[in-house]
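This briefing covers a sheet, a helix and a pocket. Please look over the structure before reading on.

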Amino acid sequence: MTFEVLDPTFEEAASEFALAARSADLRGATVGIISNGKHNTRPFFAALGEELRRRHGVAEVEVVIKPNYSAPAGPEIFEQARDWQALVAGVGD
């Protein structure tokens, strides 16, 4: 019997990227939350939104739920994100 072993690593090097600058202050900011849409993300992100408002003076929290929890965020979500000063992406089960 013969076994074929496959190497799952990607052969090209990852491209360089710069991390986004951190916000010094969230007062008055709009924070976007991208959820994978699983059931337990709803109460967690609702509580997170309240904490952001209470502790950090965030003006608005916009929760966007991806249409497919296993797929990357689509272009329509990135378009919405242009108006946010901060973003949280999370998953839940």
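Predicted model: local features only at pLDDT ≥ 70, side-chain atom pairs only at ≥ 80, totals over all residues.

Residues are numbered from 1 along each chain as its sequence is written, and side-chain values use heavy atoms, without hydrogens and water.

**Sheet and helix**

- An open sheet is formed by three parallel strands in the order β2-β1-β3 (strands are DSSP E runs of at least two residues, helices H or I runs of at least four, numbered from the N terminus; pairing takes at least two DSSP bridges).
- β2 (60-65) and β3 (86-90) are the edge strands, each pairing on one side only.
- Strand β1 (residues 30-35) is joined to β2 by six bridges, and Ile33 stands opposite Val63 in β2.
- Helix α1 (residues 41-56) packs on the sheet and touches β1, β2 and β3 (contact: heavy atoms within 4.5 Å).
- The direction of α1 makes about 165 degrees with that of β1 (axes are lines fitted to C-alpha atoms, for helices over the stretch in contact; angles run from 0 to 180 degrees between N-to-C directions).

**Largest pocket**

- Residues lining the largest pocket include Arg22, Leu48, Leu52 and Gln85 (a pocket is an open set of points on a 1 Å grid over the protein atoms alone, where a 1.4 Å probe fits, with protein on both sides within 12 Å along at least five of seven lines; lining residues have an atom within 4 Å of a point).
- β3 gives the most to this lining, with three residues.
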